[in-house]
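Colleague: I would like to learn how to read the packing of helices and strands in a model of this kind. Could you take me through it, giving the general idea before each case?

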Amino acid sequence: MRVAIIDIGTNTFNLLIASTYRGKLVFKHREKSFVFLGKGGINKNIILDDAFERGLKTLMSYSEISKRYHVSKIIAIATSAVRNATNGSEFIKEVLRKTEIKITPISGKLEAEYIYKGAKCATEFGEKPILLMDIGGGSTEFIICNRTEIFWKQSFEIGATRLFEKFHKTDPILEVEKINITDHLKHELSELFSVAESYEINTLIGSAGTFTSLAKIISSTQDTMIQLKKTSEYQFDLVQFSKIHHELLKLTLTERYKVTGLITERAPMIVVGTILVNFIIQQLKIKNFKLARYSLKEGVASDYLSKL
């Protein structure tokens with residue numbers, strides 16, 4: 001049986017067509033589109049007209065691709081941009097009318113649970129508690145877990161698009177803007193740090209998105225890009241990450257467009273993304289840092305197909 005998973009995010013729409021073989025996920029097709037559904041409206045809780053049309057056009061395309069692959073079911077889930085938008089229900093209705101795709105907005109906590117299930121398919125978590133982190137455009141999910149269970153999970157409205165549109169006004173980013181971001185994060189993430197005190201967390205695992213971009217940038221400097229493409233995980237060198245982080249802070253957008261390994265669409269928001277990652281590493285004194293390339297969509301596919 002083939003299932004199509006459509007992840008309707010704030011920045012990207014992802015299509016994953018998958019099946020299972022002997023209990024393991026088999027990926028038939030992957031597609032990513034930078035729709036930027038939350039652009040200009042994420043902090044106003046609205047999907048602007050041009051973003052609305054981009055989203056609709058992309059989902060019409062995904063519907064046709066799914067038909068070509070003869071999928072048995074399409075599961076479309078929407079996260080921060082749609083679930084918080086005042087016209088989110090209007091977007092859902094229009095998509096259903098034009099494509100027959102039924103979108104289900106999911107809560108931040110359910111999103112975190114699916115991220116956990118997806119990331120576990122990519123890398124080994126181990127027995128000790130680790131922090132799993134997924135940076136989206138609208139929200140960022142944090143999960144304290146190990147390979148067998150979730151101890152705590154929460155979604156915070158501090159995604160890269162929200163941070164970028166609220167704080168990053170100058171290129172290169174100003175020191176005062178960096179301070180404003182970290183002050184905001186300290187306030188918004190107080191619950192995370194309070195809970196984390198109960199666990200001895202040494203390991204951060206970042207899933208997809210910003211973390212994949214960082215891995216590509218770093219691996220391109222070490223000529224290991226080919227190896228990265230062949231694996232579902234990546235071990236970060238914290239010293240190398242810190243070096244890349246501080247270099248990115250100094251660059252204008254034009255200069256970031258030229259960074260090897262960083263795709264054009266990720267360049268505007270990579271600075272606020274790395275500030276967020278670096279903040280977590282410093283606050284929790286992280287000693288081990290990994291990438292899990294699977295995330296939400298793989299988690300939804302794994303959850304659905306395992307129940308058949």
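**Sheet and helix packing**

Modeller: Helix 1 (residues 49-68) lies across strand 1 (3-8), strand 2 (12-21), strand 3, strand 4 and strand 5, and runs at about 20 degrees to strand 2. Contact here means heavy atoms within 4.5 Å, while axes are lines fitted to C-alpha atoms, for helices over the stretch in contact, with angles from 0 to 180 degrees between N-to-C directions. Helix 13 (residues 296-306) also packs on the sheet, where it touches strand 1, strand 2, strand 3 and strand 4, and its direction makes about 35 degrees with that of strand 2.

Colleague: Where do these element numbers come from, and what kind of model is it?

Modeller: Helices (H or I, at least four residues) and strands (E, at least two) are DSSP runs numbered from the N terminus. The model is predicted, so local features need pLDDT of at least 70 and side-chain atom pairs count only at pLDDT 80 or more, whereas totals for chains, interfaces and linings use all residues. Residues are numbered from 1 along each chain as its sequence is written, and side-chain values use heavy atoms, with hydrogens and water left out.

Colleague: In what order do the strands of the sheet come?

Modeller: Two strands pair if DSSP finds at least two bridges between them. Here an open sheet of 5 strands has the order 3-2-1-4-5, with mixed pairing. Strand 3 (24-34) and strand 5 (103-105) are the edge strands, each pairing on one side only, and the twist averages 20 degrees from one strand to the next. Strand 4 (residues 73-78) pairs with strand 5 in the parallel sense over 3 bridges, and alanine 78 has proline 105 in strand 5 as its bridge partner.

Colleague: At what angle do helix 10 and helix 12 pack?

Modeller: Angles under 35 degrees count as roughly parallel, over 145 as roughly antiparallel, 65 to 115 as roughly perpendicular and the rest as oblique. Helix 10 (residues 238-249) and helix 12 (residues 270-284) pack at about 140 degrees, with their axes 10 Å apart, which makes helix 10 oblique to helix 12.

Colleague: Which residues of helix 10 and helix 12 meet?

Modeller: Leu238, Phe241, His245, Leu248 and Leu249 in helix 10 meet residues of helix 12 that include Ile270, Val271, Thr274 and Asn278.
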